[in-house]
Amino acid sequence: MSDFHHALLDWDEQGQPLSREFDDVYFSPTSGIDETRHVFLDGNDLPRRFAELGAGGRLVVGETGFGTGLNFLCTWQLFEAHAPADARLHFVSVEKFPLARDDLARALALWPQLAPFADALLDQYRAINPGFQRLLFANGRVTLTLLVGDALACLPELDARIDAWFLDGFAPAKNPQMWSPELFAQLARLSAPGATLATFTSAGFVRRALKEAGFQIRRAPGFGNKWHMSRGHFLGEPAPAAKPWFARPAAHAGERQALVIGAGLAGCASAASLAARGWQVTVLERHAGVAEEASGNPQGVLYLKLSAHGTALSRLIVSGFGHTRRLLQHLQPDQDWQGCGVLQLAFEAKEAERQLRLAEAFPASLLRHLDREQAEAVAGIPLPAGGLFYPEAGWVHPPALCRWLAARPGIRLLPHSEALQLRRENGRWQALDGERVIAEAPVAVLAGAAEILRFPQAAGMQLKRIRGQITRLPATEGSRALATVVCAEGYVAPVRNDEHTLGASFDFHSQDLAPTIAEHAGNLDLLREISPDLAERLQADRLDPAVLEGRAAFRCTTPDYLPLVGPLCDADAFAEAYAVLGRDARQVPDVPAPWLDGLYVNSGHGSRGLITAPLAGELLAAWLEGEPLPVPRDVAEACHPNRFPLRRLVRGR
């Protein structure tokens, strides 16, 4: 990621952008919009295909070279004009050097006729960092999955079936890597049967390489001063998944109804992602409303604990952070969230070394190293050390995010409804609170943190509960100077409703949710480590821990700290189907996974739920709908519930 940077642009006399890296134009100098419509929209027969989408239908467009987003915006505009109201557009595009937001705004201003779509893109064009980035528009009806990075690195990680391809890299002579046989092999791997393809170039070596990859290609009249372009369709078959235990279950084909157990962040996000796709969702919650357990703190922090080594967890966090950060645009600033940045102090030598490695591995737009003087200027208070600053992060009021997610049309919340039992009857999952069925649907999602272990269907999942307690401190005139979240072993957030949130403790043993004096005292010690000056401004030495207010809740995490997201298997049948792995882990038995039809899980987010749970809702919906996954395939596998029964087999247990 360290070589990531935004596109370097020059601007011509007409105000059109030129790529300095590739010495090429982003679109036709004659008319970019007309070129897009002729080459890509008409070249893939999209006006007719959008109009003929059936009820709840979907079309997936894949693009090489997002550039200014012109092709995406024109496709969205055409979709709005021709597609049925309940149809969906999914646009997947790869871009090595995304435009900076100000440059994007300047480029999109060239087309006032696209202004409503361009404004929506600019509003969501935030935290566009390396990796997979998911952007949602039109209440989730239009999805953009932006793969930020080299196409030959990103496309092999993509799990998708593309219906129409836009090949729109810079000219083959300027950027040959985007027109290589290796890239075309990936297009073939990702193509749905009969997928169409269009591109502005008619270069012979491009057409020959596409034919070699399995596309039937023909020349067609080009746009403007170009005599010819190329059109075609895919003749081959998509490649099968390599590992059957991570293969997709068949996409859900019946009634689009689901019940979600748990109305914390994972449950509300799961419900919202399904409702955006036209599902009717019933959410069961044992308390009086949403976010009354671990998601109920007054201030949660968008805290990115990353690795410099590109681990699955680190890539999930970067993608999840971007997705959550974009969702926050829908909430009330200052009351529900604040993009004030997060400062992680280098509180010891080992942490300082780790931070320097991270600063080298990630772009400055995501994080940057500050010395002590710089850190104090950002935080507004004296500090004991410098550290890493995440400029687009901040704090969130988690109940506000949960309420916004749960307010989607199609979601029905049933409070005071505790599912004690789950059974499959006549193709539907039934949730019971004893003898009584409280809700039923063909699909069920277990999103109740560690409480999912009460259901035998999830008994093999490895989850542990960790108690955490936060302390609420009344703001003082001096403490209001705190301008950013500051973290060390704990964290303290800027003022919300005349108080600061301080925390959070970690207790691996207690099962009691009553706040304790000892942990309030421990949180005050964390405050003194973060900033003795702030502790003095908050009069920490004069505060009596016995009268402080706060709350405790249980985080729910897994041994590998990755969440549990995906379809559930029958554990006994899984062990029988793949027993050979216990003798030779290199074997790949060609046996379909024994899925529990329609049963899914979204849990185990630990202290990272604000960052990972909303994106996990999108991942869950993608599993159910057969959509492009919002994360790299190996990240989805690393979060898959099957990883635990698989490890037990391989280890011979």
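Let me begin with a term: a salt bridge here is a side-chain nitrogen of Lys or Arg within 4 Å of a carboxyl oxygen of Asp or Glu. By that criterion, the count between domain 1 and domain 3 is zero salt bridges. Please bear in mind that the model is predicted.

As for the domains themselves, the assignment places domain 1 at 9-234. Domain 2 is made up of 244-293, 400-462 and 559-651, while domain 3 consists of 339-392 and 464-557.

I turn now to the interface of domain 1 and domain 3. Their C-alpha centres are 43 Å apart, and four residues of domain 1 contact four residues of domain 3. How much area is buried between domain 1 and domain 3? The figure is about 270 Å², with carbon and sulfur atoms giving 50% of that area. On the side of domain 1, A127, N129 and P130 supply 91% of the area buried against domain 3, more than any other three residues. Although salt bridges number zero here, two residue pairs are in polar contact across the interface, both at pLDDT 80 or more. The side of domain 1 that touches domain 3 comprises two nonpolar residues, one polar residue and one charged residue.

The model has four cavities of 30 Å³ or more. The largest cavity has a volume of about 70 Å³. Which residues line the largest cavity? Its lining includes L136, the residues A269, A272, S273 and A276, and also H323, L327, L405, R408, P614 and E618.

How values were computed: Residues are numbered from 1 along each chain as its sequence is written. Side-chain values use heavy atoms; hydrogens and water are left out. Domain bounds come from an automatic or database domain assignment. Contact means heavy atoms within 4.5 Å. Buried area is the accessible area (1.4 Å probe) that two parts lose on being put together, summed over both. A polar contact is a pair of N or O atoms within 3.5 Å; within protein, one must be able to donate a hydrogen and the other to accept it, and residues adjacent in sequence count only if both atoms are side-chain atoms. Ala, Val, Leu, Ile, Met, Phe, Trp, Tyr, Cys and Pro count as nonpolar, Asp, Glu, Lys and Arg as charged, and the others, Gly among them, as polar. On a 1 Å grid over the protein atoms alone, a cavity is a set of points where a 1.4 Å probe fits but cannot get out, and a pocket is an open set with protein on both sides within 12 Å along at least five of seven lines; lining residues have an atom within 4 Å of a point. Grid points are joined across faces, edges and corners, and a volume is the space filled by probe spheres set on the points.
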